[in-house]
Amino acid sequence: MQAILLVTVFSCILAAAAAADAGAVGGACLTGSTCTDTTNSVCESSVCKTKAEAACTAGSAVCVSHSTCSSSKCTCDTGYTAQTGLCTTTGAAGEACKADGSCADSTLVCESSICKIKAGQTCTSGSTNCVSQSTCVTGTLKCTCGTGYTALTSGLCTSGAAGESCKADGSCADSTVVCESSVCKIKAGQTCPSASTNCVSQSTCVTGTLKCTCGTGYTALTTGLCSGVAPQSVSSWLLTGSIITFLVTFSLP
């Protein structure tokens with residue numbers, strides 16, 4: 001009986017504590033998704049958090065999503081802007097990509113979680129928002145891929161090097177790499193950096209030779225790809241043999 005009473009009292013204390021925190025920063029939102037201090041806090045995902053640009057204390061701050069307590073205020077992360085106390089993105093050039101990975105319009109592409117101006121698209125003089133390996137050329141005011149790089153249909157720039165996207169015509173940087181599944185891979189038999197993961201499928205970069213070598217059961221084609229069938233395990237062969245024996249025996253009169 002005493003144990004039940006203690007549990008009941010403890011539960012009441014916890015409930016009272018929770019109720020006391022409700023509406024405060026870090027506590028549950030009040031009815032109607034509001035917080036006690038409407039000037040400096042906002043309800044986000046059912047929890048009261050310190051608004052973007054509002055004062056905070058480093059180490060104990062509960063800032064809104066996509067922000068951190070910096071210089072004593074909740075500051076939006078790169079690519080996000082403060083709007084109605086939250087840190088949001090419209091997917092504009094230089095801003096963070098939207099939740100679904102898209103950007104504001106078709107002239108932009110999501111690259112490394114930031115919306116960038118596609119190669120070939122118009123840009124503002126001096127803009128730093130062109131895709132990687134491209135710059136906003138003064139004369140044309142278009143984002144233009146640098147020397148050795150070409151524009152893909154996606155709007156990104158590639159050199160066709162191992163590990164990068166293949167060029168628009170399906171080629172790669174040189175004869176040591178081949179386009180496989182839209183990615184340039186090091187051909188079988190060609191030199192590879194130690195522990196490289198850019199060898200063609202069914203091959204690995206062998207430590208001793210530092211060459212991409214086709215696995216057991218596969219041979220290198222003139223294209224640099226590996227062709228063949230992976231060897232079955234002994235158990236697989238035994239299982240296959242057992243099934244065949246059963247079928248033959250079952251079919252006998």
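Cysteine 123 and cysteine 136 are both buried. They belong to a predicted model, in which the count of disulfides comes to 15.

**Disulfide of cysteine 123 and cysteine 136**

- The sulfur atoms of cysteine 123 and cysteine 136 are joined at 2.0 Å.
- This link of cysteine 123 and cysteine 136 is right-handed, with 95 degrees about the S-S bond.
- Because cysteine 123 is in the loop between E8 and E9 while cysteine 136 is in strand E9, the pair ties together parts that are 13 residues apart in sequence.

**Disulfide of cysteine 97 and cysteine 110**

- Cysteine 97 and cysteine 110 are linked through sulfur atoms that lie 2.0 Å apart.
- The link is right-handed, and its angle about the S-S bond is 105 degrees.
- Distant parts of the chain are connected here: cysteine 97 sits in the loop between strand E6 (86-88) and strand E7 (108-111), cysteine 110 sits in strand E7, and the two are 13 residues apart.
- Cysteine 97 has a relative accessible area of 8% and is therefore buried, the limit being under 20%.
- Cysteine 110 has a relative accessibility of 28%, so it counts as partly exposed.

**Disulfide of cysteine 103 and cysteine 115**

- Cysteine 103 is bonded to cysteine 115 with an S to S distance of 2.1 Å.
- The torsion about this S-S bond is about -100 degrees, which means that the disulfide of cysteine 103 and cysteine 115 is left-handed.
- Cysteine 103 is buried because its relative accessible area is 12%.
- Cysteine 115 also counts as buried, since its relative accessibility is 0%.

**Lysine 118**

- Lysine 118 has a relative accessible area of 18%, so the residue is classed as buried, for which the limit is under 20%.
- The side chain of lysine 118 reaches the backbone oxygen of serine 106 at 2.9 Å.
- Beyond its neighbours within four places in sequence, lysine 118 is in contact with Ser106, Thr107, Leu108, Val109, Val131, Cys143, Ser154 and Gly155.
- Lysine 118 and cysteine 157 are 39 residues apart along the chain, and 8.7 Å separates their C-alpha atoms.

Technical notes:
Residues numbered from 1 in each chain as written. Predicted model: local features only at pLDDT ≥ 70, side-chain atom pairs only at ≥ 80, totals over all residues. Heavy atoms only, no water. Buried < 20%, exposed > 50% of the residue type's maximum accessible area, 1.4 Å probe, protein only. Contact = heavy atoms within 4.5 Å. Polar contact = N/O pair within 3.5 Å; in protein donor to acceptor, adjacent residues only side chain to side chain. Disulfide = S-S within 2.5 Å. Helix = DSSP H or I, 4+ residues; strand = E, 2+ residues; numbered from the N terminus.
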